[in-house]
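Please keep the sequence and the structure at hand while reading.

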Amino acid sequence: MRRFLQITAAALALSIAFLVSCAPYAADRLKNRIVADPSAAPSARAVALAGRLRVADLHADSLLWGRDLLERHSRGHVDVPRLAQGHVALQGFGVVTRAPLVLNIERNEDDAADVITLLALVQLWPQATWGSFKERALYQARTFQELARRSDGRFAMIRSGADLDTYLAARALDPSLTSGFLAIEGAHVLEGDIQNVDVMFEAGFRMMAPTHYFDTELGGSAHGESKRGLTELGRQMVRAMEARHMIVDVAHASPATIADVLAMAARPVVVSHTGVRGTCDNNRNLTDDQVRAIAANGGLIGIGYWETAVCGRDGRAVARAIRHAVDVAGIAHVGLGSDFDGSVATPFDTTGLATVVDALLAEGFGDEDVARIMGENVLAFLGSNLPAR
């Protein structure tokens, strides 16, 4: 009997070890797939133009999956070598701290199961993160800071306009350099305390959304139960963020929350990753009135690459959404918001952006407008709206 118990304990330990080592890898490969279109080889003109661009993308969730982003991987969508190959000058890295076990864009109950708790456990995040959204955000921020430190200058962390200027000057001499900034999906990380805006700012975060998939103490999610707007605490958050030149992101926000943010915003806001209902009509995407309101605020809209955003699985669907957004908002207010590594399938990883360039050219955009959409709009927006230093 004792021998049986020893064997059982050993088998259990091996099973746990296997789960810890393999579950994140398997989840990453399953959730962040590439659904390639074999007919989508870009033209020589698009490849040449892509090689001259400074690509900038407002949103990816790559910090969530336990990859060493300094190494090239065969799974997922983003790492530093692939960013460099894809001519990406700047990548926004969103931090996810709570998400439903099964993604649902219509309605998520406040007490629904949270998949990030499971990921934190199997990826052996620090114990403090197991029950704290704030600690999950801070842990991912430390991972990001360490990524920049270990990169030997290949990857820069952008916190300010001065950081961005310094980095872009270096990249002009060495186009293989790349960079990123930190953002937060869902202000539940504040854990009800507005003073934690300062904590997140000091950790390096420069963009934050009031909500993600669930309603929060700050406001209603497009995918939550209430569909309410900003609460008084949410209004305090917007004021606190604007005082620090943190950028308010209304991706995933309910229509009422978007309207409330725009009604009080003294600074431009973003929708970091979205689609538009003009080409893909669902609860995840922006109406034309919302697109116009973001543009009137001086804001920026990042168009994503996944099927719920663009109702397609190729670069042409992405370009159609961009064309519609530009027609409604104007060229200055549209950029990229891939949602790479966001538990979505995309037609390419970050090395395949010449496919988008080719589709934009087919939509009738000239080289200068393609450059603005693919990155220059985002770089200009951040240069004007990040803290100066």
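## The surroundings of Ile 301

Which residues does Ile 301 touch, not counting residues up to four places away in sequence? In this predicted model, the contacts of Ile 301 are Val 271, Thr 274, Leu 286, Val 291, Ile 294, His 333, Val 334 and Gly 335.

Ile 301 belongs to strand 8, which spans residues 300-303. Because its relative accessibility is 0%, Ile 301 counts as buried. Val 269 stands 32 residues from Ile 301 in sequence, and the C-alpha atoms of the two are 8.9 Å apart in space.

## The packing of helices 8 and 9

Two packed helices are described by the angle between their axes and by the distance between those axes. For helix 8 (residues 232-243) and helix 9 (residues 255-264), the angle is about 45° and the axes are 11 Å apart. Helix 8 is therefore oblique to helix 9, and the crossing is right-handed.

Helix 8 contributes Arg 235, Val 238 and Arg 239, which meet Asp 260, Val 261 and Met 264 of helix 9. By class, this contact has 3 nonpolar and 3 charged residues, with no polar ones.

## Two residues with positive phi

Most residues other than glycine have a negative phi. Asp 152, although not a glycine, has a positive phi of about 55°. Asp 152 is in the loop between helix 5 (133-150) and strand 3 (155-157), and it counts as exposed because its relative accessibility is 74%.

Asp 339 is not a glycine either, yet has a positive phi of about 65°. The loop between strand 9 (334-336) and helix 13 (354-362) holds Asp 339. With a relative accessibility of 7%, Asp 339 counts as buried.

Terms used:
Residues numbered from 1 in each chain as written. Predicted model: local features only at pLDDT ≥ 70, side-chain atom pairs only at ≥ 80, totals over all residues. Heavy atoms only, no water. Helix = DSSP H or I, 4+ residues; strand = E, 2+ residues; numbered from the N terminus. Buried < 20%, exposed > 50% of the residue type's maximum accessible area, 1.4 Å probe, protein only. Contact = heavy atoms within 4.5 Å. Axes fitted to C-alpha atoms, helices over the stretch in contact; angles between N-to-C directions. Parallel < 35°, antiparallel > 145°, perpendicular 65-115°, else oblique. Left-handed = near helix turned anticlockwise from the far one by under 90°. Nonpolar A, V, L, I, M, F, W, Y, C, P; charged D, E, K, R; others polar.
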